[in-house]
Amino acid sequence: MWSSDRSPGLPSLEEKPIRTTRRHGYALLTAIVALIVIVSAAIYVSVAADDGTAADALGAGRHPGNSAAPASTGTWVGAWSASPAAAEPRTETVGMAGRSVRNVVHASVSGTSARVTLSNLYGQSPLTVTHASLAVAARPGTAAAAAGTMRRLTFAGAASVVIPAGGQTMSDAVRVAVPPGGDILVTTYSPTPSGPVTYHPHARQISYVAQGDRTEDVTGTPYTGRTKYWRYLTALDVLSNESGGTVVAFGDSITDGISSTIGADHRWTDVLSDRLRAAVRAGRHVPRYSVVNEGISGNQVLADGRGRPADNPSGLNRFRRDVLERTNAKAVVIDLGVNDILRNPGLADPEKITGGLRTLVRQAHARGLKVIGATLMPFRGHRGYTAARERVRQRINAEIRAGQVFDAVVDFDRALRDPHDPRRLRAKYDCGDHLHPSDLGYRRMGEVFDLGVLKGAARAQL
């Protein structure tokens with residue numbers, strides 16, 4: 001680097017041009033070119049940094065199988081998620097060692113790049129993943145990959161990763177065209193035991209298992225094992241030009257979609273996602289948000305399940321992980337409280353339940369998230385129904401409707417209850433157990449959701 005102070009007897013740069021030799025001129029030109037290259041590289045690296053806004057989609061891990069689309073910009077949002085709910089039974093000894101696990105998930109928005117999160121929350125030893133991949137499914141209901149979409153996943157540039165017991169990891173981004181409403185295949189292979197397996201038991205989606213390392217197989221032929229579980233995978237993010245933020249649906253089995261048709265994507269959250277995409281494309285003034293589902297069947301606001309870490313952790317305990325830490329979360333829809341009523345061996349205290357819900361709202365507000373709350377739907381005819389429990393439900397709903405709990409309200413109770421007996425679900429919206437909706441009921445839930453309530457900021461104080 002040139003200094004303003006020069007050694008005695010040496011001319012300054014300004015004094016030298018006429019007398020500079022050709023050799024010195026070439027050396028100076030070479031130094032200037034090198035400086036330009038260094039500065040340009042530094043600018044590229046700073047632009048490529050992932051801060052959830054416009055960024056280069058390559059990520060840290062570069063592999064010939066990673067690039068398929070040109071470099072793109074956009075916003076990182078959640079395209080799919082599932083809460084790690086428990087330790088899978090009968091996997092305590094070997095986990096899924098020696099098998100390829102191909103999870104099938106449904107992307108709520110399009111993207112030009114993708115990355116995934118893998119969890120070993122319930123593992124009792126490190127989970128070694130030596131090979132992982134991502135591809136677009138060739139069609140619904142298959143383990144086969146669409147031509148030209150198979151990508152090898154890397155983790156901080158390496159093809160393998162070790163996830164400690166209780167931990168999780170995010171992959172590097174890969175360039176791939178993720179279609180809106182398309183199925184994505186995320187495959188992992190672990191050669192060594194690491195049980196128990198962290199899983200989500202009520203996927204309402206068929207995924208696949210193959211013997212051996214078939215991670216980058218595109219035919220789907222080796223995937224002879226079928227499962228209704230999601231294993232290890234807890235999130236799919238995409239770099240999207242279609243969406244500017246994420247809505248998180250936080251709830252119990254009704255949000256999980258436990259009674260919806262398997263493989264049909266008929267949860268109320270799927271309907272909401274489709275409506276948001278259609279509204280944006282039609283030019284309506286609604287937020288450009290993706291939707292991710294963080295429902296766990298049997299979940300309660302206040303009480304944890306058994307074990308350490310707890311199976312089915314309470315809403316209070318998992319809210320940070322499943323909502324506040326979701327990529328670019330802007331709003332949360334909370335539909336939780338029925339299990340606090342039904343699973344309490346005595347009579348649930350409505351004030352404690354609404355108090356727990358208000359705690360969730362305060363945590364969301366501290367992160368700038370708007371909170372939409374759902375009324376609790378009726379359950380007369382269900383084996384847990386009593387008149388006393390019905391009164392608890394009515395008291396909670398009265399608080400919610402009065403605006404004493406959430407920023408805004410979606411009234412699922414009013415939309416699905418029987419007009420002749422509001423203590424029970426209308427027959428066509430009842431899956432048959434008098435608690436969970438039918439496919440038609442889930443559609444009704446998604447359709448009555450006022451997209452306008454997602455606009456605007458959270459209330460400063462309740």
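A cavity, on a 1 Å grid over the protein atoms alone, is a set of points where a 1.4 Å probe fits but cannot get out, and its lining residues have an atom within 4 Å of a point. Grid points are joined across faces, edges and corners, and a volume is the space filled by probe spheres set on the points. Searching the whole structure this way turns up three cavities of 30 Å³ or more.

Before we look inside, a word on the source: this is a predicted model, where local features need pLDDT of at least 70, side-chain atom pairs count only at pLDDT 80 or more, and totals for chains, interfaces and linings use all residues. Residues are numbered from 1 along each chain as its sequence is written, and side-chain values use heavy atoms, with hydrogens and water left out.

**The largest cavity**

The largest cavity has a volume of about 240 Å³. It is lined by 24 residues, of which Trp80, His106, Arg267, Asp270 and Asn293 lie closest to its centre. Helices (H or I, at least four residues) and strands (E, at least two) are DSSP runs, numbered from the N terminus. Strand S1 (75–81), strand S3 (99–106), H3 and strand S18 (289–295) each bring at least two residues to the lining, and H3 gives the most, with five. The lining holds nine nonpolar, nine polar and six charged residues; here Ala, Val, Leu, Ile, Met, Phe, Trp, Tyr, Cys and Pro count as nonpolar, Asp, Glu, Lys and Arg as charged, and the others, Gly among them, as polar.

**Two helix pairs**

H3 also packs against another helix, H9. Axes are lines fitted to C-alpha atoms, for helices over the stretch in contact, and angles run from 0 to 180 degrees between N-to-C directions.

| Helix pair | Axis distance | Angle |
|---|---|---|
| H3 (268–281) and H9 (439–448) | within 7 Å | roughly 40 degrees |
| H4 (315–324) and H6 (350–366) | 10 Å | about 30 degrees |

Angles under 35 degrees count as roughly parallel, over 145 as roughly antiparallel, 65 to 115 as roughly perpendicular and the rest as oblique. H3 and H9 are therefore oblique to each other. Their contact (heavy atoms within 4.5 Å) involves Trp268, Val271, Leu272 and Arg275 of H3 with Tyr442, Arg443, Met445, Gly446 and Glu447 of H9. These residues divide into five nonpolar, one polar and three charged.

H4 and H6, by their angle, are therefore roughly parallel. Gly315, Leu316, Phe319 and Leu324 of H4 meet Gly356, Thr359, Leu360, Gln363 and Ala364 of H6. This contact has five nonpolar, four polar and no charged residues.

Technical notes: 1 Å grid on protein atoms, 1.4 Å probe; cavity = no way out; pocket = protein on both sides within 12 Å on 5 of 7 lines; lining within 4 Å.
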